[in-house]
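Look at the sequence and structure first, then read on.

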Amino acid sequence: MSILPALTVAVLFAAGTYLILQRTLTRIILGIGLIGNGANLLLVVSAGPPGRPPLIADDGTGGFADPLPQALALTAVVITFGLTAFLLALAYRSWQLTHDDEVEDDVEDRRIAKLRGEFDPDLDEPMDALEDIQDLDGGDPPTERDPR
Amino acid sequence: MNALLAIPIVIPLLAAALAVIAIRLPTVQRVLSIAGVATALAASVALLIEVERNGPQATQVGGWPAPIGITLVADLFTCLMLVIGLATVLAVLVFAVGQRGDDHESAFHPVYLVMTAGVALSFLTGDLFNLFVAFEITLTASYVLITLGGAKEQVRAGMTYVVINLLASFLFVVAIAFVYASTGTVNFADLTERLTTLSPNLRTALALLLLVVFGIKAAIFPLFFWLPDAYPTARTSVTAVFAGLLTKVGVYAIIRMETLLFPDNRQSTLLLVIAGLTMVIGVLGAIAQDDMKRILSFHIVSQIGYMILGIGLFTVSGIAGAVFFVLHQIPVKASLFLVVGLVEHDAGSTKLSKIGGLVRRIPLAAVLFLVAALSLAGIPPLSGFVGKLALVSAGFDAQAYAIIAISLLVSVGTLFSMVKIWNGVFWGTAEEPTPAIASGEVVHTPALMTLSTVALVGLTVAIAIGAGPIYELCERAAAELLDPSTYVRAVQG
């Protein structure tokens with residue numbers, strides 16, 4: 001097996017993982033695309049060593065490349081394509097609604113973090129979250145609750 | 001060639017296509033949906049009867065022989081899952097039809113039918129790659145269902161849900177590539193034989209990779225975090241079918257994998273540890289929540305632990321307990337969420353602080369909740385008690401005392417949560433009442449919504465009443481699972 005496809009898969013996975021760990025939706029989608037392509041390439045690589053004829057060998061030995069992984073990869077490529085399109089549509093909808101490209105925190109999670117009385121100052125835009133919580137509670141900020 | 005095997009997949013897909021054509025005719029769509037799911041359910045009942053008499057059935061799609069063509073296989077486990085799963089799908093569908101006044105119903109029906117076909121295919125497939133395709137069909141439909149409406153909260157939670165599931169799918173592709181590269185086949189029956197020839201280390205690596213993939217779908221510890229975030233944002237009928245069915249598809253895949261592909265079972269201890277942690281974390285996570293939907297979502301996670309416990313024991317009685325527990329969970333979880341739907345319809349909210357005293361407004365829903373909740377907590381004589389009893393006695397036989405103690409403690413925690421919901425929703429008064437409660441006017445609940453919830457709770461009661469024969473079937477299914485030779489013979493003819 002040649003080392004090049006294996007290396008390509010490794011690079012795609014590494015770069016994809018890095019991008020998915022970001023907080024920006026567009027980078028996450030790019031990361032998903034890279035990892036998806038890496039996985040599909042791995043399917044092709046699983047067919048074995050390269051260089052065999054696609055259908056019938058000239059030398060009459062009858063050997064040919066294994067078609068099954070290619071069929072599997074084709075199916076997986078189509079699925080990856082469709083889902084990336086869906087993800088892009090979802091990200092666009094998110095941008096329409098919030099005018100922001102960031103992944104937001106779960107409001108309920110923040111409420112529980114707040115119940116502990118240890119609201120994490122590192123979370124981005126804590127004031128926004130507070131407003132969200134106030135919206136949910138109909139005005140009363142949860143800090144005034146029984147801290148138990 | 002047995003056509004019964006293909007009907008639960010093909011008919012819902014066909015109905016979905018017709019429902020897209022009939023997009024402007026809501027009544028036609030409703031009839032198509034219900035007829036499609038009902039046909040699939042009827043076919044799976046017929047299949048269950050045939051498999052019960054004649055053993056596992058297999059068919060090669062397109063007539064190609066086993067290793068090349070796509071195989072559909074049905075053994076007892078498959079059929080039991082299909083029948084209970086499709087019955088739940090049908091009840092939730094009727095509930096959704098009853099829930100009028102919804103702008104997105106024309107999109108809901110086709111997607112819901114596609115999801116049904118995907119779930120049926122995941123149960124019936126006899127091929128690892130086809131299982132991936134089945135997962136993708138189910139998940140793609142679920143992505144649409146969870147974000148249907150496109151509200152801000154749905155888009156936020158839907159994004160997490162889609163990304164985590166896509167990642168799991170890519171890991172699945174990686175696992176398939178490794179399995180194919182090392183064995184040269186993706187057919188389950190072939191893999192049973194060829195995987196044993198691999199080195200133990202390679203086999204363990206493949207097993208763990210697949211466990212991570214299915215574990216994300218099944219929401220086991222530590223891969224569950226997406227579930228309580230994503231599920232509560234969808235419409236209640238959608239959450240009900242997700243809660244009842246989708247995580248159980250993951251559990252189904254774990255049971256299949258552990259018994260059929262890696263029967264030498266090197267993950268037993270790992271699975272028991274995961275089971276304990278899943279149960280405890282799920283039940284503790286529920287305590288801090290203030291929303292009915294979120295409390296119940298955390299309990300989905302905690303109950304998954306019991307199923308993993310049965311698989312981890314890896315004895316006939318353990319697997320039989322796990323199978324029974326899955327079968328009981330599907331309708332119980334779905335019916336609890338349908339009651340949430342009734343509460344939401346009446347009171348306009350599911351937050352415990354905003355509602356209260358609903359027992360006077362919707363007494364029937366209160367009774368239905370009580371039956372389903374006590375069953376979930378495992379109170380005799382309901383079905384949850386039978387499932388937990390089977391698992392506990394299997395645990396005693398295997399001398400796994402620690403995990404049994406944990407599972408009993410978690411039951412107490414479950415009961416605590418259910419009492420908390422009961423007190424907050426049906427008893428007492430609301431702290432900050434919603435307009436509907438404050439006005440004191442009773443909202444009319446459509447008959448179909450109530451009827452379908454009654455039917456689903458009735459199904460859980462029926463499982464409790466018929467527990468003897470059903471558990472016997474589960475034991476036979478477990479014996480079949482632990483001895484794959486009949487399965488392999490059915491596939492290879």
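## Two helix pairs in chain B

In chain B, α13(B) passes α15(B) in a left-handed crossing. A crossing is left-handed if the near helix is turned anticlockwise from the far one by less than a right angle, and right-handed if clockwise. Helices here are DSSP runs of H or I with at least four residues, strands are runs of E with at least two, and both are numbered from the N terminus.

The model is predicted, so local features need pLDDT of at least 70 and side-chain atom pairs count only at pLDDT 80 or more, while totals for chains, interfaces and linings use all residues. Residues are numbered from 1 along each chain as its sequence is written, and chains are lettered from A and ligands numbered from 1 in the order in which they are written.

Helix α13 covers residues 316-347 of chain B and helix α15 covers residues 383-397 of chain B. A second pair is formed by α2 (residues 26-54) of chain B and α4(B). The table sets out the packing of both pairs; axes are lines fitted to C-alpha atoms, for helices over the stretch in contact, and angles run from 0 to 180 degrees between N-to-C directions.

| Helix pair | Angle | Distance between axes |
|---|---|---|
| α13(B) and α15(B) | about 160 degrees | 9 Å |
| α2(B) and α4(B) | about 10 degrees | 9 Å |

The angle in the table makes α13(B) roughly antiparallel to α15(B), whereas α2(B) and α4(B) are roughly parallel to each other. Angles under 35 degrees count as roughly parallel, over 145 as roughly antiparallel, 65 to 115 as roughly perpendicular and the rest as oblique.

Two residues are in contact if their C-beta atoms, placed from the backbone, lie within 7 Å. On the α13(B) side, the residues in contact with α15(B) include Gly318(B), Phe324(B) and Phe325(B). Among those on the α15(B) side are Gly384(B), Val386(B) and Asp397(B). By class, this contact has 8 nonpolar, 8 polar and 1 charged residues. Ala, Val, Leu, Ile, Met, Phe, Trp, Tyr, Cys and Pro count as nonpolar, Asp, Glu, Lys and Arg as charged, and the others, Gly among them, as polar.

In the other pair, α2(B) contributes residues including Pro26(B), Gly36(B) and Ala40(B), and α4(B) contributes residues including Glu105(B), Tyr112(B) and Ala120(B). The contact of α2(B) with α4(B) has 6 nonpolar, 6 polar and 1 charged residues.

## A buried leucine

Leu124(B) lies in helix α4 (residues 105-124) of chain B. Is Leu124(B) buried or exposed? Leu124(B) counts as buried because 26 C-beta neighbours lie inside 10 Å. A residue is buried if 20 or more other C-beta atoms lie within 10 Å of its own, exposed if 12 or fewer, and partly exposed in between, with C-beta atoms placed from the backbone. Leu72(B) is 52 residues away from Leu124(B) in sequence, yet their C-alpha atoms are 5.4 Å apart in space. Not counting residues up to four places away in sequence, Leu124(B) touches several residues, among them Leu5(B), Pro8(B), Ile9(B) and Leu72(B).

## Backbone features

Most residues other than glycine have a negative phi, and most peptide bonds are trans. Phe314(B) has a positive phi near 55 degrees and sits in the loop between α12 (292-313) and α13 of chain B. With 20 C-beta neighbours inside 10 Å, Phe314(B) is buried. His99(A) also has a positive phi, near 55 degrees. This residue is in the loop between α3 (68-98) and α4 (107-115) of chain A, and His99(A) is exposed, with 7 other C-beta atoms within 10 Å.

A cis peptide bond, with omega about -5 degrees, joins Phe221(B) and Pro222(B). Another joins Pro380(B) and Pro381(B), with omega about 5 degrees. Pro381(B) belongs to the loop between α14 (363-377) and α15 of chain B.

Chain A has 5 helices and 0 strands. Of its 148 residues, 26% are buried.

The contact between the chains takes 27 residues from chain B and 30 residues from chain A. On the chain B side, α6(B) gives the largest share, 15 residues. That side has 16 nonpolar, 4 polar and 7 charged residues.
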